Amino acid sequence: MKRFVIAICILITTVAFSIYGYFSICNRIDSVITLMQNDRELTVSQNKIEASRTKEILDEWENHETFLVSMLTHYELEEVEMGIRCLKDYMNQNLMEEYLETLNECINQLTHVKETELPDLKNIF
């Protein structure tokens with residue numbers, strides 16, 4: 001009977017950790033995506049790249065990068081990391097088209113990562 005109770009406790013702990021991990025990943029990705037979408041809309045409407053918004057995106061990414069890289073495979077986040085690092089260079093050179101393109105690519109990649117973490121039959125099999 002003790003083995004059965006221990007097995008149930010391990011199962012509950014594993015499920016709880018998985019649920020926490022999923023929602024934590026989603027919340028962190030959503031916070032970065034929200035900043036990027038906001039920056040994209042304001043950049044297009046104002047026709048100007050704002051340094052403070054770019055810094056905010058970089059800071060938000062750095063706050064969540066360690067957790068995301070430890071929970072997800074590195075190759076999924078490699079493109080996003082490189083894109084976010086390029087944003088500052090594009091801002092300094094005032095390359096708005098490249099800046100917006102990189103924002104869109106990062107948003108799409110992060111959205112894809114979030115969708116692949118969803119525990120459904122499509123992702124399991």
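**Exercise 1. Classify D89 in this predicted model: is D89 buried, partly exposed or exposed?**

Solution. 
- Step 1. Take the relative accessibility of D89, which is 42%.
- Step 2. Recall the cut-offs: buried is under 20%, exposed is over 50%, and partly exposed lies in between.
- Step 3. D89 therefore counts as partly exposed.
- Step 4. D89 and Y99 stand 10 residues apart along the chain, and their C-alpha atoms are separated by 8.8 Å.

**Exercise 2. Describe how helix α3 (residues 74-93) and helix α4 (residues 96-117) cross.**

Solution. 
- Step 1. Two packed helices are described by the angle between their axes and the distance between the axes.
- Step 2. For α3 and α4, the axes come within 9 Å. The crossing angle is roughly 160°.
- Step 3. Angles over 145 degrees count as roughly antiparallel. α3 and α4 are therefore roughly antiparallel to each other.
- Step 4. List the contact. α3 contributes E76, L77, E79, V80, G83, I84, L87, Y90 and M91. α4 contributes E98, Y99, T102, L103, C106, Q109, L110, V113, T116 and E117.
- Step 5. Sort the residues of this contact by class: 11 are nonpolar, 4 polar and 4 charged.

**Exercise 3. Do the analysis again for helix α1 (residues 2-46) and α4.**

Solution. 
- Step 1. The axes of α1 and α4 come within 10 Å. They cross at roughly 160°.
- Step 2. α1 and α4 are therefore roughly antiparallel to each other.
- Step 3. The hand of the α1 and α4 crossing is left-handed.
- Step 4. By class, the contact of α1 with α4 holds 16 nonpolar, 4 polar and 5 charged residues.

**Exercise 4. How many aromatic pairs does a search of the whole structure find, and what is the geometry of the pair formed by Y22 and F23?**

Solution. 
- Step 1. The search of the whole structure finds 1 aromatic pair. Y22 and F23 form an aromatic pair.
- Step 2. A pair of aromatic rings is described by the distance of the centres and the angle of the planes.
- Step 3. For Y22 and F23, the distance is 5.2 Å centre to centre. The angle between the planes is 70°.
- Step 4. Planes over 60 degrees apart count as edge-to-face. The Y22 and F23 pair is edge-to-face.
- Step 5. Check accessibility. Y22 has a relative accessible area of 19%, so Y22 is buried. F23 has 48% relative accessibility, so F23 counts as partly exposed.

Terms used: Residues are numbered from 1 along each chain as its sequence is written. This is a predicted model: local features need pLDDT of at least 70, side-chain atom pairs count only at pLDDT 80 or more; totals for chains, interfaces and linings use all residues. Side-chain values use heavy atoms; hydrogens and water are left out. Axes are lines fitted to C-alpha atoms, for helices over the stretch in contact, and angles run from 0 to 180 degrees between N-to-C directions. Helices (H or I, at least four residues) and strands (E, at least two) are DSSP runs, numbered from the N terminus. Angles under 35 degrees count as roughly parallel, over 145 as roughly antiparallel, 65 to 115 as roughly perpendicular and the rest as oblique. Contact means heavy atoms within 4.5 Å. Ala, Val, Leu, Ile, Met, Phe, Trp, Tyr, Cys and Pro count as nonpolar, Asp, Glu, Lys and Arg as charged, and the others, Gly among them, as polar. Rings of Phe, Tyr and Trp (its six-membered ring) pair if their centres lie within 6.5 Å; planes under 30 degrees apart count as stacked, over 60 as edge-to-face and the rest as tilted. Buried means under 20% relative accessible area, exposed over 50%, partly exposed in between (1.4 Å probe, protein chains only). A crossing is left-handed if the near helix is turned anticlockwise from the far one by less than a right angle, and right-handed if clockwise.
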